[in-house]
Amino acid sequence: MENGIHYRTCHLCEAMCGVAVEVKGSRIAAIRGDEKDPLSRGHICPKAVALQDLHEDTERLRKPVRKTPTGWQEIEWDEAFKTVAEQLHTARSTHGRNSIGVYLGNPNVHNHGSLIATVPFLRAIGTQNRFSATSNDQLPHMLASLEMFGHQVLFPIPDIDNTDLFICIGGNPIASNGSLMTVPDFRGRLKALKQRGGKMIVVDPRRTETAKLAEEFHFVRPGTDAFLLMAMVNTLFADELVHAGPAEGLIKDLDLLRLASLPFTPEVVSKRTGISAETIRDLAHQLANTPKAALYTRMGTSTQTFGSIATWLAYCLNILTGKLDTVGGVMFTQPAIDLIALGAMSGQQGHFGKRHSRVKGLPEFAGEYPSSTMADEILTPGEGQVRAFVTVAGNPVLSSPNGRRLDEALSGLDFMVSVDYYINETTRHADIILPPTAALERSHYDIIFNMLAVRNVSKYSEALFDAGSDSRHDWQILLELAHRLEKLRKGGSLPIRSELGWRAFKQTGPDPIIDLLLRTGPYGADTGRARGVLEPATGVIMNLLPKHHPLRGLAKLSSLNPQWQELPKGLSLKRLKEHPNGIDLGALRPALPNRLFTRDGKIHLAPRRYLEDVERLHRQLSAPEPSDGLLLIGRRHVRSNNSWMHNSRRLVKGKDRCTLLINPHDANRLGLRAGSKAQINAADRQVILPVEVTEDMMPGVVSIPHGWGHDRDGTRQSTASAHAGASINDLLSDQDTDPVAGTSVLNGQPVTVKVWQPEQQRIPA
Ligand code: SF4
């Protein structure tokens with residue numbers, strides 16, 4: 001790449017900030033915010049410098065490695081591919097296709113090549129034992145979107161640039177710059193909100209960095225958001241504040257929701273939540289009476305025992321108060337690559353509970369089982385036991401509950417391969433590691449996070465550096481393995497047409513697919529032409545299909561297109577290359593009723609699976625309070641996102657961030673002082689951490705950040721190891737899941753805390 005400034009999108013978190021990277025020779029001289037990026041407008045966070053650290057990290061693998069009795073040994077790509085394909089084929093032919101487990105880590109969704117190549121790769125593996133980070137994160141949101149709007153990734157996004165009231169429960173966008181709300185420079189946008197007379201309310205068990213900027217803040221007991229939100233729904237009905245606005249006429253089962261909320265008055269839930277009845281009523285009234293308001297819930301609310309109900313109710317509250325599809329409320333995006341419409345056209349809106357996991361009977365979601373049951377599937381003998389494992393850009397030992405048990409499970413596999421460029425806490429168990437190119441060595445288009453952004457934009461970034469001929473992109477690795485597995489399955493060779501197809505795919509890569517999707521998408525240069533071809537075909541197909549056939553989603557094409565016609569046109573990959581800062585496609589726009597994908601075209605306010613779980617919520621009202629234990633929650637810091645960022649020297653330097661936060665009252669009671677060490681226990685699991693005493697914690701609640709715990713042997717991330725911390729997932733149980741969605745319970749599990757005595761230290765496994 002030539003010397004000078006190059007523009008691209010930072011892929012490190014969901015915020016999609018535009019960065020201007022100054023290149024001198026083969027080195028990065030500086031990374032700054034791109035003032036001309038239409039979404040981030042010059043903002044970057046401290047993590048952006050990690051782009052350089054990750055790129056230049058000498059511990060990043062450049063060639064495949066194989067584990068030997070004397071350590072890791074570099075091998076050639078062909079040998080690595082051959083061995084991996086043969087081992088996976090052997091597992092499949094000896095023990096069946098479900099004997100292979102696959103875990104996809106969250107960086108995959110920031111990588112268009114990997115996303116596209118994953119489809120044929122998973123088809124070639126053929127296993128039902130698929131896992132990802134979804135069930136440790138946003139699964140309840142996906143389920144609520146599927147159940148209520150008919151599509152698993154149709155998320156209502158807060159229109160933060162126009163709202164006058166932002167209510168944030170269980171989220172910390174000052175640290176995250178949004179999650180399921182791509183909002184770079186949240187701080188700047190919040191300032192603008194306040195300048196136009198608006199306000200922010202935060203509800204959280206910790207006075208977070210976001211809460212400190214709020215006009216109003218309330219502590220809530222972990223795991224009780226569902227009570228709070230149900231009591232807000234109850235208030236809306238009791239005080240006759242239900243006015244669905246744009247959703248009026250589209251909602252169904254309003255009465256069922258009202259009936260479900262009846263027992264949960266503010267007075268009844270007040271003690272449980274730690275929030276007064278008066279405050280709960282006031283929250284509901286403020287939401288209802290502010291025309292431009294948005295209620296946003298995130299990770300703290302979704303990853304708890306009632307995470308599904310809580311997320312469903314948050315969606316309901318926005319709908320009941322007329323905030324859905326309202327400017328300044330919560331709105332649906334119209335991305336340039338519209339996976340939502342594409343999914344609907346092919347009947348792929350998502351599915352849930354079509355089958356259940358072998359050991360615990362947990363439901364699949366979109367073809368994946370909850371990751372909390374990975375260890376069960378590996379350790380439990382019997383037909384379908386996982387014996388070989390594939391991880392792609394993931395570190396579930398640190399990111400899934402009961403990491404030590406998963407450590408044990410992975411160490412006993414017959415074979416494991418990791419597509420990853422680090423030897424980390426998970427990939428150290430692999431027999432072979434296949435390292436892909438680094439992010440700056442490949443092109444970038446954000447397919448996923450444009451679906452979640454607070455403004456419609458589109459941007460393509462070319463590869464900044466050439467990784468050389470002896471390197472492979474993720475998509476090349478996945479396609480090569482898929483191709484070889486298919487050939488082995490067919491006895492060594494494929495029919496010529498199929499063979500040519502594989503070769504063409506491997507030759508062209510994912511960018512022509514991006515171009516096609518842009519051209520035929522809502523802002524595309526060829527949208528009209530695509531419509532001319534597809535609509536007649538749609539009409540023919542519709543007449544052949546039964547009334548409720550999923551392919552009837554194709555009919556949506558006709559109804560979407562009138563809206564598409566009002567949008568700016570001309571988008572293609574070529575046009576994006578001519579605009580390296582990205583192209584602004586405008587603010588979020590009202591989209592009802594065309595953006596609904598339920599079969600009856602309605603918004604389902606009271607899906608059965610939530611109503612059934614309300615019974616459990618009701619029982620919990622009268623359950624005894626946890627006695628002497630403290631409740632554990634996680635937290636996020638602006639200089640961290642995932643565990644793999646901890647090998648960046650600049651991101652881990654300074655004050656130790658992996659600490660136990662505890663309220664002074666609890667610290668005094670337990671004899672803990674700031675800077676001393678605490679032993680935190682849950683059942684037979686324990687970690688030791690330095691203590692920070694702070695009024696920011698709700699009494700009875702302690703907090704540990706996630707992604708740490710780099711104290712395992714056999715990793716090759718020296719910076720991370722020097723700042724090891726402890727993993728919150730070494731404490732959390734993998735037996736606790738939200739029974740509706742199967743999401744891990746990462747917030748609200750009870751722990752005991754005491755002063756650490758050195759002789760009690762457990763030797764890490
Ligand atoms: S907030 Fe930071 S890490 Fe996230 S995209 Fe922006 S610069 Fe990158």
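Glu480 is buried, with a relative accessible area of 16%; here buried means under 20% relative accessible area, exposed over 50%, and partly exposed in between, computed with a 1.4 Å probe on protein chains only. The structure is a predicted model, in which local features need pLDDT of at least 70 and side-chain atom pairs count only at pLDDT 80 or more, while totals for chains, interfaces and linings use all residues. Residues are numbered from 1 along each chain as its sequence is written, and side-chain values use heavy atoms, with hydrogens and water left out.

The side chain of Glu480 meets that of Lys506 in a salt bridge, at 3.1 Å from N to O. A salt bridge is defined as a side-chain nitrogen of Lys or Arg within 4 Å of a carboxyl oxygen of Asp or Glu. Glu480 belongs to helix H17 (residues 474-489) and Lys506 to helix H18 (residues 496-508), so the pair ties together parts that are 26 residues apart in sequence. Helices (H or I, at least four residues) and strands (E, at least two) are DSSP runs, numbered from the N terminus.

Side chains of opposite charge can pair when their charged atoms come close. A search of the whole structure finds 49 salt bridges. One joins the side chains of Lys459 and Asp34, at 3.8 Å from N to O. This pair links distant parts of the chain, 425 residues apart: Lys459 is in the loop between strand S21 (455-458) and strand S22 (460-461), and Asp34 is in the loop between strand S3 (27-33) and helix H1 (50-56). Both ends are buried, Lys459 with a relative accessible area of 7% and Asp34 with 2%. Another salt bridge is formed by Glu209 and Arg206, whose closest N and O atoms are 3.4 Å apart. Here Glu209 is partly exposed, with a relative accessible area of 31%, whereas Arg206 is buried, with a value of 7%.

Salt bridges also link Arg404, Asp407, Arg428, Asp711, Arg712 and Asp730 in a network. Two of these residues, Arg404 and Asp407, are among the buried residues of helix H16 (residues 403-411), together with Gly403, Leu406, Ala409 and Leu410. An α-helix has 3.6 residues a turn, so residues three or four places apart point the same way. The cover over the buried residues of H16 includes helix H14 (374-379), strand S17 (388-392), helix H15 (396-399) and strand S18 (415-419).

At the surface, Leu256, Leu259 and Leu262 form a nonpolar patch with about 260 Å² of accessible area together. Patches are made of residues with over 30% relative accessible area and no salt bridge, like charges being joined within 9 Å and nonpolar side chains (Val, Leu, Ile, Met, Phe, Trp, Tyr) within 5 Å. Accessible areas come from the Shrake-Rupley method with a 1.4 Å probe, and for residues only the protein chains shown count as cover.

The ligand is surrounded by Cys10, Leu12, Cys13, Ala15, Met16, Cys17, Ile44, Cys45, Lys47, Ala48 and Asn177, a residue being near a molecule or strand if one of its heavy atoms lies within 4 Å of it. This shell divides into nine nonpolar residues, one polar and one charged. In this count, Ala, Val, Leu, Ile, Met, Phe, Trp, Tyr, Cys and Pro are nonpolar, Asp, Glu, Lys and Arg are charged, and the others, Gly among them, are polar.

Met698 is located in the loop between strand S28 (685-693) and strand S29 (701-703) and counts as buried, at 8% relative accessibility. Leaving aside residues up to four places away in sequence, Met698 touches Pro205, Phe219, Val220, Arg221, Thr273, Gly274, Asn663 and Asp666, contact meaning heavy atoms within 4.5 Å. Met698 and Ser721 are 23 residues apart in sequence, and their C-alpha atoms are 31 Å apart in space.

Most residues other than glycine have a negative phi, and most peptide bonds are trans. Arg41, although not a glycine, has a positive phi of about 50°; Arg41 is in the loop between S3 and H1 and is partly exposed, at 44% relative accessibility. Ala683, also not a glycine, has a positive phi of about 50°. Ala683 is found in the loop between strand S27 (677-682) and S28, and at 68% relative accessibility it counts as exposed. The peptide bond from Leu592 to Pro593 is cis, with omega near 0°, and Pro593 is in the loop between strand S23 (583-587) and strand S24 (603-604).
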